Amino acid sequence: MDWFPRRHAVVLARSSPGRLAYLEKTGIIVPQRVGDSPRTEVLYSWEQILEIRAISRLRLHLSFQTIRKILQYFDDHGVGRTLRDKHLIINHHGVSWVQPGTAVAPQVIHLVGHGCSFMGQFVLMPVEANASELGLATGLASSAAPKVVDIEHFRQKVRPR
């Protein structure tokens, strides 16, 4: 396994030393320490760097508290305390996780709603996209263009005449 010193991890993860220190302090990303103090070297694995990048992208939409709750949910349910390999959907309802299932359709689990009150509820909704369109299968998604709805045209159709 490759290990990277903190100065390289900052560049690779597109983060800052302060952010890495915070992630370590909160226990989200715990790097390996090698050597005796005061020359202790802090090392990060490639998987940890990918996790830091995933957290940084989620931070554009979610608070650290919400991210910690999602990680705790994954840890409590034995699905791995990582974000980099999960398919999360963030919308105005909150955060949902598209869990690949053994059945034909994947499961959608609502993780966090407004006020963080809905942790772990299944979403009962049809998923019209197949697994490859959701990015759950290996290989390329279908080449069919997505359907675009013209809202003004739709409004004109439904207005009473």
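**Rings, charges and helices**

Modeller: This is a predicted model. The charged end of Lys86 sits over the ring of Phe74, 4.8 Å from its centre.

Biologist: Which aromatic cluster is Phe74 in?

Modeller: Phe74 clusters with Tyr73 and Trp97.

Biologist: How many aromatic pairs does the count come to?

Modeller: The count is 4 aromatic pairs. One of them is Tyr22 with Phe64, a tilted pair with 4.9 Å between centres and 50° between the planes. That pair links distant parts of the chain, since Tyr22 is in helix H2 and Phe64 is in helix H4, 42 residues apart.

Biologist: Is Phe64 buried or exposed?

Modeller: Phe64 counts as buried because its relative accessibility is 11%, under the 20% cut-off. Tyr22 has 28%, so Tyr22 counts as partly exposed.

Biologist: What lies over the face of Phe64?

Modeller: Arg59 does, at 4.7 Å from the ring centre.

Biologist: Over to H2. Which residues are buried there?

Modeller: Leu20, Leu23 and Glu24 are buried in H2. They sit on the same side of H2 because they cover an arc of only 100° around the axis.

Biologist: And what covers the buried residues of H2?

Modeller: The cover includes helices H1, H3 and H4, along with strand E2 (32-34) and strand E3.

Biologist: What follows H2?

Modeller: Gly27 follows H2, with a positive phi near 85°. Ile29 is in the loop between H2 and E2.

Biologist: What is Ile29 in contact with, leaving aside neighbours within four places in sequence?

Modeller: Ile29 is in contact with Leu23, Glu24, Tyr44, Gln48, Glu51, Ile52 and Ile55. As for Tyr44, its C-alpha is 8.9 Å from that of Ile29, and the two are 15 residues apart in sequence.

Biologist: Which residues of H3 are buried?

Modeller: Gln48, Ile49, Glu51, Ile52, Ala54, Ile55, Ser56 and Leu58 are buried in H3. Among them, Gln48, Glu51, Ile52 and Ile55 are in contact with Ile29.

Biologist: What covers the buried residues of H3?

Modeller: The cover includes helices H1 (6-12), H2 (17-25) and H4 (64-76), and strands E1 (3-5), E3 (41-45) and E4 (87-91).

Biologist: Now the whole chain. How many helices and strands are there?

Modeller: The chain has 5 helices and 7 strands. Along the sequence, the pattern runs β-α-α-β-β-α-α-β-β-β-β-α.

Biologist: And what share of the chain is made up of buried residues?

Modeller: Of the 161 residues in the chain, 29% are buried. Taking contacts between residues at least 6 apart in sequence, 43% join residues at least 24 apart.

Terms used:
Residues numbered from 1 in each chain as written. Predicted model: local features only at pLDDT ≥ 70, side-chain atom pairs only at ≥ 80, totals over all residues. Heavy atoms only, no water. Buried < 20%, exposed > 50% of the residue type's maximum accessible area, 1.4 Å probe, protein only. Helix = DSSP H or I, 4+ residues; strand = E, 2+ residues; numbered from the N terminus. Contact = heavy atoms within 4.5 Å. Phe/Tyr/Trp six-rings, centres within 6.5 Å; stacked < 30°, edge-to-face > 60°. Lys NZ or Arg CZ within 6 Å of the ring centre and 35° of its normal. Arc of directions from axis to C-beta.
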